[in-house]
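Please read it alongside the sequence and the structure.

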Amino acid sequence: MINIISLKNIRLYAYHGCLLEEAQIGSEYRVDVTIQANFQASIDTDELSDTIDYVHINRIVKEQMAIRSKLLENVAGRIIKQIKSDFQQVERVEVEVAKINPPLGGDVEAVSIKIID
């Protein structure tokens, strides 16, 4: 049995980027998190302590997104590291971080990176 939990389209405002303006003005971001883990205990017990608490995952995303980084890769990597540290039953984590309307000098809806660990 494959067990997956996903948090989709977490919307935040943050200050990531290499440009000074990005640190001052900030941008809108979207984060998606998909976690594969063994949920058999929670299936059997119906207890939150036996599963991946998605409220806690959302808090990790918000906390890590609040720490300024030049690169989205750095932010996604920190999110993955914290999730794996807090939930030992995690087998695989996928994090996608998208910067909405990036300052590229053109009409670009978003740029994103995805890291799978």
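Which residues does threonine 51 touch, not counting residues up to four places away in sequence? They are Phe39, Ser42, Phe87 and Gln89, where contact means heavy atoms within 4.5 Å. Threonine 51 is found in the loop between helix H2 (40–45) and H3, helices being DSSP runs of H or I with at least four residues and strands runs of E with at least two, both numbered from the N terminus. With a relative accessibility of 18%, threonine 51 counts as buried; buried stands for under 20% relative accessible area, exposed for over 50%, and partly exposed for what lies in between, using a 1.4 Å probe and protein chains only.

The model is predicted, so that local features need pLDDT of at least 70 and side-chain atom pairs count only at pLDDT 80 or more, while totals for chains, interfaces and linings use all residues. Residues are numbered from 1 along each chain as its sequence is written, and side-chain values use heavy atoms, with hydrogens and water left out.

**Overall architecture**

The chain holds four helices and four strands, which follow one another from the N terminus as β-α-β-α-α-α-β-β. Its C-alpha trace spans about 55 × 25 × 20 Å along the principal axes, and of its 117 residues 38% count as buried. Among the contacts with a separation of 6 or more, 60% are made by residues 24 or more positions apart.

**The sheet**

The four strands form an open sheet in the order S1-S2-S3-S4, with antiparallel pairing, two strands being paired if DSSP finds at least two bridges between them. Strands S1 (4–14) and S4 (110–116) stand at the edges, and because each has a single partner strand, one side of each is left without a neighbour in the sheet. From one strand to the next the twist averages 15°, where axes are lines fitted to C-alpha atoms, for helices over the stretch in contact, and angles between N-to-C directions run from 0 to 180 degrees. Strand S3 (residues 90–100) pairs with S4 in the antiparallel sense over seven bridges, and isoleucine 100 stands opposite alanine 110 in S4.

| Helix | Strands touched | Direction of helix against strand |
|---|---|---|
| H3 | S1, S2 (27–37) and S3 | about 35° with S1 |
| H4 | S2, S3 and S4 | about 150° with S3 |

**Helices H3 and H4**

Helix H3 (residues 54–65) and H4 also pack against each other, at an angle of about 145° and with their axes 9 Å apart. On the side of H3 the contact is made by His56, Ile57, Ile60, Val61, Gln64 and Met65, and on the side of H4 by Val75, Arg78, Ile79, Gln82, Ile83 and Asp86.

The end C-alpha atoms of H4 are 21 Å apart, which agrees with the 21 Å that its 15 residues should span at 1.5 Å a residue, the expected span being 1.5 Å times one less than the number of residues. Buried in H4 are Leu72, Val75, Ala76, Arg78, Ile79, Ile80 and Ile83, and the buried residues of this helix pack against S2, H3, S3 and S4.

Leucine 72, found in helix H4 (residues 72–86), has a relative accessible area of 10%. Leaving aside its neighbours within four places in sequence, leucine 72 is in contact with His16, Tyr29, Val97, Lys99, Val111 and Ile113. The C-alpha atoms of leucine 72 and phenylalanine 39, which lie 33 residues apart along the chain, are separated by 30 Å.
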